[in-house]
Amino acid sequence: MTPSATTTYTLTVLGPNDQKLTRTVTVNVAGTTPITGGTAVSATAKKAAPRTADGKPDLSGVWSGGGGRGANAAAAPEAPVLKPGAEKFKVVRVADDAGQYADCMPLAGPQGVAAPYHSEFVQSAHALAILNGFPGTFRIIPTDGGPHPVDPDPTWMGDSIGHWEGDTLVVDSVGYNDKTEISGYRHTEALHIVERFRRPDYDTLQYDATMEDPNVFVKPWTVSRVFQLRTDMTKADEFVCENNRDYNQLFEKK
């Protein structure tokens, strides 16, 4: 920075769980009057999100794995409430369980963007493609609205239809199989997910997903994430997930 007058700069960093760290530094330029008030230059200024030709926010980019809370940051994280008799849908892992990512199978809804790998978003006039770095899956989401198939075949990632509500892309998904888990809970084929994507500035993507399954949960519940733009990447890297490993040897007692 080479200001022409004495200037105080403020830098704020947003970390995990919405923790903020702020520091200031003053650059003194001898013989000048310090810049104050609204004329000061602030390092916290946000670059505006890009927009498409029709004025919609462009969600395209390579985004880091999600953390923190999304657009509903003021609200506390919501815990799902199981219906009586649905306790079996809560995942309880034993000591030698290698975890939900070990089998390299597709991930549903917010679990697909929660893995600690990047995802690439490619937006066109009528669709959004989400390319998940892990486990190498993709979704093509029409963004002009429209109905779901009357009786969709159950799939790992469901049937998704999107539409815009102002600057928010709302994605409605049904038609899931019952082979995935989300935030430590399994579900039935009645799972219904509504996702909301919003890009408030150039570097940030806010994400909220509301899940409901009348066979498992008392009421809908929401998961939120915040993604940061990977300015050092222009495309998703290849990721090959090998699922033919015997993980039991990792837990053998010496």
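Mentor: A salt bridge is a side-chain nitrogen of Lys or Arg within 4 Å of a carboxyl oxygen of Asp or Glu. This is a predicted model, where local features need pLDDT of at least 70, side-chain atom pairs count only at pLDDT 80 or more, and totals for chains, interfaces and linings use all residues. Residues are numbered from 1 along each chain as its sequence is written, and side-chain values use heavy atoms, with hydrogens and water left out.

Trainee: How many salt bridges does the rule count?

Mentor: The count is four. Among them is the pair R51 and D167, at 2.8 Å from N to O.

Trainee: Where do R51 and D167 lie?

Mentor: Helices (H or I, at least four residues) and strands (E, at least two) are DSSP runs, numbered from the N terminus. R51 is in the loop between β2 (20-27) and β3 (61-63), and D167 is in the loop between β7 (159-165) and β8 (168-174), so the pair ties together parts 116 residues apart in sequence.

Trainee: Are R51 and D167 buried or partly exposed?

Mentor: Buried means under 20% relative accessible area, exposed over 50%, partly exposed in between (1.4 Å probe, protein chains only). R51 is partly exposed at 47%. D167 is partly exposed at 35%.

Trainee: What does R93 meet in a salt bridge?

Mentor: R93 meets E181, at 2.6 Å from N to O. R93 lies in the loop between β3 and α1 (111-114) and E181 in strand β9 (residues 181-182), so this pair ties together parts 88 residues apart in sequence. R93 is partly exposed at 36%. E181 is buried at 8%.

Trainee: Which strands hold R139 and E195?

Mentor: R139 is in β6 (residues 138-142) and E195 in β11 (residues 192-201), 56 residues apart. Their side chains form a salt bridge of 2.8 Å, N to O. Both residues are buried.
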